[in-house]
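Hi,

Here's the structure I said I'd pass along.

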Amino acid sequence: MKKIEAIIKPYKIEEIKNSLTTIGIHGMTVTYVEGFGSQGGHTESYRSAEIAVSFIPKIKIEVVVDDDKVKTVNEAIIRHAKTGPEGAIGDGKIFVYNIENAIRIRTQEEGPVAL
């Protein structure tokens, strides 16, 4: 099993959720986060003063899948998170982690069946 964590632009969440549901992913966790990467933040004006905003709003999606679905899930996220054919700075990142076990609390089922 693998945990896929994707950091994306907030307005892309519905497209990605619909795409993942279409390929059979029926559970995910979504967290509203802030951070920065290559773009390093931006400046905003407030009462005619320039303010540096170093953190940018993002969404973190977390899903746990069988090993054989990792490529399909990653491709779906990339297809819908990428802005334009070339992409842009700030489109996000995907991280893939090994998961040792999963346990469904209600039934105590373990492993992939617990997903």
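Below is what came out of it, starting with confidence and then going through the sheet and the helices.

Keep in mind that this is a predicted model. The chain averages a pLDDT of 91, and 91% of the residues score at least 70. By element, S1 has the highest mean pLDDT at 98, while strand S3 (residues 42-46) has the lowest at 64. Where pLDDT is low, the predicted coordinates should not be read in detail.

Now the sheet. How many strands form it, and in what order? There are 4, arranged S2-S5-S1-S6 in an open sheet with antiparallel pairing. Strand S2 (29-35) and strand S6 (92-98) are at the edges with a single partner strand each, so one side of each has no neighbour in the sheet. On average, neighbouring strands are turned by 20 degrees against each other, direction ignored.

In the pairing of strand S1 (residues 2-8) with strand S5 (residues 56-65), the two run antiparallel and are joined by 7 bridges. If you want a spot to check, Glu-5 has Glu-62 in S5 as its bridge partner.

Then the helices. H1 lies across S1, S2 and S5 and runs at about 10 degrees to S5. H2 packs on the sheet too, touching S1, S5 and S6, and its direction makes about 5 degrees with that of S1.

The helices also pack on each other: helix H1 (residues 13-22) and helix H2 (residues 70-81) have their axes 9 Å apart, at an angle of about 150 degrees. That angle is why H1 and H2 count as roughly antiparallel, the cut-off being over 145. H1 passes H2 in a right-handed crossing. On the H1 side, the contact is made by Glu-15, Ile-16, Ser-19 and Leu-20, and H2 brings in Val-73, Ala-76, Ile-77, Arg-79, His-80 and Ala-81. Sorted by type, the residues of this contact are 6 nonpolar, 2 polar and 2 charged.

Cheers

How values were computed: Residues are numbered from 1 along each chain as its sequence is written. This is a predicted model: local features need pLDDT of at least 70, side-chain atom pairs count only at pLDDT 80 or more; totals for chains, interfaces and linings use all residues. Side-chain values use heavy atoms; hydrogens and water are left out. Axes are lines fitted to C-alpha atoms, for helices over the stretch in contact, and angles run from 0 to 180 degrees between N-to-C directions. Angles under 35 degrees count as roughly parallel, over 145 as roughly antiparallel, 65 to 115 as roughly perpendicular and the rest as oblique. A crossing is left-handed if the near helix is turned anticlockwise from the far one by less than a right angle, and right-handed if clockwise. Contact means heavy atoms within 4.5 Å. Ala, Val, Leu, Ile, Met, Phe, Trp, Tyr, Cys and Pro count as nonpolar, Asp, Glu, Lys and Arg as charged, and the others, Gly among them, as polar. Two strands pair if DSSP finds at least two bridges between them. pLDDT is the predictor's confidence in each residue, from 0 to 100.
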